[in-house]
2 protein chains.
Amino acid sequence: MARTAAGRRPAAKPRRRSAADRRRQVVAAARRIVLREGFEALTMRRVAALAGVSAAALYLYFPDRLSLMAAVADDLFEGLLAAMRAAVARAEGDPDPRARLHAVMTAYLDWGLTHPDEYRVIFMTPITGVAGHQPGEPGVPAAPTGQATFAALQAEVARLIALGVFRPAEPQVVAEAIWAAGHGLVSLLITKPGFPWSPRDRLIGTLADALCRGFSAG
Amino acid sequence: MARTAAGRRPAAKPRRRSAADRRRQVVAAARRIVLREGFEALTMRRVAALAGVSAAALYLYFPDRLSLMAAVADDLFEGLLAAMRAAVARAEGDPDPRARLHAVMTAYLDWGLTHPDEYRVIFMTPITGVAGHQPGEPGVPAAPTGQATFAALQAEVARLIALGVFRPAEPQVVAEAIWAAGHGLVSLLITKPGFPWSPRDRLIGTLADALCRGFSAG
DNA sequence: CGTTCAGATGAACGACGTTCATATACCGGC
DNA sequence: GCCGGTATATGAACGTCGTTCATCTGAACG
């Protein structure tokens, strides 16, 4: 009953707001919650309240909470993708081809560490029923923006291999390994802040250098 | 009201079990739940029921749910530590010093992938209030067994550096990077089972080889 | 104007973590 | 042997969560 005046029904052109628009509006509200109140506040009731809808209405657009979070993740992915693209563009003219990969990696790590709540939504949201889950049958549909982000990394790796800078290998596997290593660093720093970590800069540099060296030819 | 006959009050010798024993009993019940019903079932009420106590009684031994989970994590850590020790012992006589590290790494990865629920308790339990958390001020006390596990990895790295197999570096940083990379692989495979991953064996081998090569001298 | 029907709602359900007044069982002092 | 004090455990309760459902509403169509 809170703000029905604005939210209940847009009087004039009522059905001009399609279901897809409503969906977007809900996702936008959810994103605002993550940004302003953090990961823990990402709740169906909270999202509904901020979107000016009842909690039950969310289930008209998303079958359950995990699907909503998947949509939010896809939305938040754009921030990460933009940061990585910007880093690549910045390193565009660098003569060392490795610098591009290094830029992509550090951009990923920096973004994750400066946006921990968003990172948790995107990459650390647990999947229900891990034990009985079948790989290859996604419980939640994959996010297109996320696929684009991984594709960018994979393309970067493929280029390095084609140039002979990296030793011959399947770009897919190498990209997955690099992604996993970076994700491990970010997620561990987020999940275990009490561990006596070495300085972050040193940690990031050590891991990025080791991976570059490890995949390099020669 | 279910099984009060057996659980409500142990009539005969109630106080012969000291507080520490009670704590252990609760942790044992929690571990059984993780093993038999999975991570999602690790609930205060469920643990209490299996331990034959009321839910409120848990708060006599643990200030909150996260502290209970920390104790469970320390308990589960022994399984991982044993697996890693066994792998090291198996590779004891190998002439290649890198083989020991390789054994430790693959033991870690294998254990995590074959015990996803336990792995989630140990390494993927989210910390409350990430946003405002101060690194260095642990929200939950560190698990001694966990420290021992990391120390084993660090010692392995230090030995490789001392032997000149690895290039000179601080063992602490290198061990952290290796741990992070391995954790990333395990946690991503657990959290994103829908992603079109390369075969696990190939993934594990690629990452382990790249890290070994990346930190090696020469 | 009357009917139909998708869209939205409030209330409710069961489960969760956590708290609290209450009751019980033990233990030292008489 | 009894008694009061104290630690220990409890059931009930609070507020919140995800989710479901009968009900209502208001636009669209004849």
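**Close-up views of a two-chain predicted model**

View 1. Ala177(B) touches Leu203(A), Thr206(A), Leu207(A) and Phe215(B), leaving out residues up to four places away in sequence. Contact means heavy atoms within 4.5 Å. The model is predicted: local features need pLDDT of at least 70, side-chain atom pairs count only at pLDDT 80 or more, and totals for chains, interfaces and linings use all residues. Residues are numbered from 1 along each chain as its sequence is written, chains are lettered from A and ligands numbered from 1 in the order in which they are written, and side-chain values use heavy atoms, with hydrogens and water left out. Ala177(B) sits in helix α8 (residues 171-191) of chain B. Helices are DSSP runs (H or I, at least four residues), as strands are (E, at least two), numbered from the N terminus. With a relative accessible area of 1%, Ala177(B) is buried. Buried means under 20% relative accessible area, exposed over 50%, and partly exposed in between (1.4 Å probe, protein chains only). From Ala177(B) to Leu211(B), 34 residues along the chain, the C-alpha separation is 9.1 Å.

**View 2. Ala180(A) and its partners in chain B.** Ala180(A) belongs to helix α8 (residues 171-191) of chain A. Its relative accessibility is 0%, so Ala180(A) counts as buried. Setting aside neighbours within four places in sequence, Ala180(A) contacts Ala180(B), Ala181(B), Gly184(B), Leu185(B) and Leu188(B).

**View 3. The two copies and their interface.**

**View 4. The fold of chain A.** Chain A has nine helices and zero strands. Along the sequence the pattern reads α-α-α-α-α-α-α-α-α. Buried residues account for 48% of the 218 residues in chain A. Among contacts in chain A with a separation of 6 or more, 67% join residues 24 or more positions apart. Chain A exposes about 10,800 Å², and carbon and sulfur atoms supply 54% of this area. Areas come from the Shrake-Rupley method with a 1.4 Å probe; for residues, only the protein chains shown count as cover.

View 5. Rolling a probe the size of a water molecule over the atoms shows where empty space is left. A search of the whole structure finds one cavity of 30 Å³ or more. A cavity is a set of points, on a 1 Å grid over the protein atoms alone, where a 1.4 Å probe fits but cannot get out; lining residues have an atom within 4 Å of a point. The volume of the largest cavity is about 40 Å³. Volume here is the space filled by probe spheres set on the points, with grid points joined across faces, edges and corners. Arg22(B), Gln25(B), Val26(B), Val53(B), Ala57(B), Leu58(B) and Tyr61(B) line the largest cavity. By class, that lining has five nonpolar, one polar and one charged residues. Ala, Val, Leu, Ile, Met, Phe, Trp, Tyr, Cys and Pro count as nonpolar, Asp, Glu, Lys and Arg as charged, and the others, Gly among them, as polar. Arg22(B) lies in helix α2 (residues 19-37) of chain B. Arg22(B) is partly exposed, at 22% relative accessible area.

Definitions and conventions: On a 1 Å grid over the protein atoms alone, a cavity is a set of points where a 1.4 Å probe fits but cannot get out, and a pocket is an open set with protein on both sides within 12 Å along at least five of seven lines; lining residues have an atom within 4 Å of a point.
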